[in-house]
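I opened my notebook to record, entry by entry, what I looked up in this structure. I write each term out where I need it, so that I can follow my own steps later.

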Amino acid sequence: MWVCFNDGFVSAVQDRERPRTLVVRARNERHLADIFPDYEVVISPDADYACRLFIHKTEFAEILADRVAGIDYDNFKASVKDRRLHRLYADFWYLHAEYQREISKPGIR
């Protein structure tokens, strides 16, 4: 699962050894530290996502629910203050718009 917060981008996947645990990964250590301040961030420089932490699924869900409840913006991209993160999301938005245009063509699903 990819999650785009206005202060960080994370990827959450199943922990291979613990069924109730997620590995939450990021490319920027600060994103994990800011969003999950009570968790230890592990750095693996050679991994696809160099930064990661381990969290129980219910705790992750609670953090997501709190973040959703705290949304106070009416334009997500405009709420992103970090210039590099904003550019990442703008590129992501563009690719999604291209996808929408592509699947909107007759005969394509």
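Entry one, burial and overall build. I looked up how much of the protein chain is buried (under 20% relative accessible area, with exposed meaning over 50% and partly exposed in between, for a 1.4 Å probe and protein chains only), and buried residues make up 29% of its 109 residues. I noted that the model is a predicted one, in which local features need pLDDT of at least 70 and side-chain atom pairs count only at pLDDT 80 or more, while totals for chains, interfaces and linings use all residues. I also noted that residues are numbered from 1 along each chain as its sequence is written, and that side-chain values use heavy atoms, with hydrogens and water left out.

I then listed the helices (H or I, at least four residues) and strands (E, at least two), which are DSSP runs numbered from the N terminus. The protein chain has 4 helices and 5 strands, and from the N terminus on their order is β-β-β-α-β-β-α-α-α. Its C-alpha trace spans about 45 × 30 × 30 Å along the principal axes. For contacts (heavy atoms within 4.5 Å), I found that 48% of those between residues at least 6 apart in sequence join residues at least 24 apart.

I found Ser11 in strand E2, residues 8–14. Is Ser11 buried or exposed? Ser11 is buried, at a relative accessible area of 2%, and, leaving out residues up to four places away in sequence, Ser11 touches Met1, Trp2, Val23, Val24, Arg25 and Tyr49.

I paired rings of Phe, Tyr and Trp (its six-membered ring) if their centres lie within 6.5 Å, calling planes under 30 degrees apart stacked, over 60 edge-to-face and the rest tilted. By this rule I have 6 aromatic pairs. One of them joins Phe36 and Tyr39, edge-to-face, at 6.5 Å centre to centre with 80° between the planes; Phe36 is buried at 1% relative accessibility, whereas Tyr39 is partly exposed at 23%. The rings of Phe76 and Tyr89 have centres 5.3 Å apart and planes at 40°, so I wrote this pair down as tilted. Because Phe76 lies in helix H3 (residues 76–79) and Tyr89 in helix H4, the pair ties together parts that are 13 residues apart in sequence. Phe76 is partly exposed at 25% relative accessibility, but Tyr89 is buried at 4%. Ring pairs also link Trp2, Phe9 and Phe92 into a cluster.

I next looked for charges over rings (NZ of Lys or CZ of Arg within 6 Å of the ring centre and within 35 degrees of the ring normal). Arg27 lies over the face of Tyr49, 4.0 Å from the ring centre, and Arg67 lies over the face of Phe5, 4.9 Å from the ring centre.

On a 1 Å grid over the protein atoms alone, a pocket is an open set of points where a 1.4 Å probe fits, with protein on both sides within 12 Å along at least five of seven lines, and lining residues have an atom within 4 Å of a point. The largest pocket has a volume of about 320 Å³. Of its 15 lining residues, Phe9, Arg27, Leu85, Leu88 and Tyr89 are the closest to its centre. Which element supplies the largest share of the lining? The answer is H4, with 7 residues.

Technical notes. Points joined across faces, edges and corners; volume = space filled by probe spheres on them.
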